[in-house]
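The sequence and the model are shown first.

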Amino acid sequence: MSRTAALPPVLISSADRALRGIGLMLAFCVLAPLIDVASKLAVQTVSVGTVTLARFVVQAALMALVVIAMRIPTRTSVRIVKMTILRALAAIGSTFCFIAAVRVMPIADALSIAFVSPFILLLMARFILHEQVGPRRLAAALVGFVGTVLVIQPSFSRFGATALYSVGSACCFAFYMLVTRHLSRAQHPVTMQFHTALAASAFCLPLLAFGTVADIQPIAFMVPEGVVWLSCLGVGVAATVSHLAMTYALSFAPSSTLAPLNYLEIVTSTLFGFLFFGDFPVGMTWTGIAIIVASGLYVIHRERVAARSDRVLVDDQEH
């Protein structure tokens, strides 16, 4: 008899769910960099604002189809609407800044800098929400910032202030995740994705109208031509599919299991950046990437330890 056959049905079911979650998270790590590839291709011809708008319009349209197919209620409360607006604004800021960065920077460099967002989120949780964050995790966050500086320094000397766009993207994404934490407790993840994309589209339209009238190039609307349409469409499709994969991955497996896999996105981004644009991180950038990844994995480890301690404490209190 095989070991699998000897397992109780509950354990087999739990293992299957975990494997599905891991598979979907790996799919996210492969698909998410395609957002950046399509963005980098499109933004060579049209404005950053145009690509940002395309992402959210396409995402809203595709998510509407998913909501209809799954027959998910879309009614919501005033509180959730306010939080969705905050989430949409953070998503716009994160997307715009990152597209502005990859317009001239290698994708892997920009993404590595943006991976400082978990550390920013940790600091936000500690100093804004006053959550308990141990000294080890705070120290790891500071080490992560050192790694980020090592990536920024050569990027800044090569690309100037553009390298700071990735930092702006990381800050916006950290706030985006902070709002998502609270919003996910009251709203279905598919509905949340749909509402956020819809709200972001609604905010982008008047912003691009203003940019066009005022002739502000980064936020002026430009009509895509030829294959650029496909690149703009690809941004929205890749964003929708990859984020759905991540959403459902988290429903199958705990975030503590999936979070370390997220760093594989740096590997796939490096690969796609090399294949499509001939970009490859060099020198000090690799040192910075290694420090960021190591610090992030340590933070995840400490969060697991803290969660385990909390469970033991609760069990002791119950007994």
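Arg71 counts as exposed, because its relative accessibility is 77% (buried means under 20% relative accessible area, exposed over 50%, partly exposed in between, with a 1.4 Å probe and protein chains only). Arg71 lies in the loop between α3 and α4, where helices (H or I, at least four residues) are DSSP runs numbered from the N terminus. Although Arg71 is not a glycine, its phi is positive, at about 55 degrees. Most residues other than glycine have a negative phi.

Asp215 also has a positive phi, near 60 degrees, and is a residue other than glycine. Its place is the loop between α9 and α10. With a relative accessibility of 66%, Asp215 counts as exposed.

## Basis of the model

This is a predicted model, in which local features need pLDDT of at least 70 and side-chain atom pairs count only at pLDDT 80 or more, while totals for chains, interfaces and linings use all residues. Residues are numbered from 1 along each chain as its sequence is written, and side-chain values use heavy atoms, with hydrogens and water left out.

## The helices before these residues

Helix α3 (residues 48-70) consists of 23 residues and reaches 33 Å from its first C-alpha to its last, close to the 33 Å expected at 1.5 Å a residue. The expected span is 1.5 Å times one less than the number of residues in the helix. Arg71, with its positive phi, follows α3.

Helix α9 (residues 189-213) has 25 residues; the distance from its first C-alpha to its last is 36 Å, close to the expected 36 Å. Asp215 follows α9.

## Helix packing

The axes of α3 and α10 (residues 228-252) come within 7 Å and cross at roughly 50 degrees. Axes are lines fitted to C-alpha atoms, for helices over the stretch in contact, and angles run from 0 to 180 degrees between N-to-C directions. The two helices, α3 and α10, are therefore oblique to each other; angles under 35 degrees count as roughly parallel, over 145 as roughly antiparallel, 65 to 115 as roughly perpendicular and the rest as oblique. The crossing of α3 and α10 is right-handed, a term for a near helix turned clockwise from the far one by less than a right angle. Residues of α3 in this contact include Val51, Ala54, Leu62 and Met70, and those of α10 include Cys232, Gly236, His243 and Tyr248. Contact means heavy atoms within 4.5 Å.

Helix α4 (residues 78-102) and helix α5 (residues 107-114) pack at about 145 degrees, with their axes 9 Å apart. Phe98, Ala101 and Val102 of α4 meet Ile107, Ala110, Leu111 and Ala114 of α5. The crossing of α4 and α5 is right-handed.

## Cysteines

The structure holds 0 disulfides, a disulfide being a pair of cysteine sulfur atoms within 2.5 Å. For Cys172, the closest cysteine sulfur is that of Cys97 at 5.1 Å, which is too far for a bond. Cys172 counts as partly exposed, at 23% relative accessibility, whereas Cys29, at 1%, counts as buried.

## Ala290 in helix α13

Ala290 belongs to helix α13 (residues 284-318). Its relative accessibility of 48% makes it partly exposed. Ala290 and Gly144 are 146 residues apart along the chain, and their C-alpha atoms are separated by 9.6 Å.
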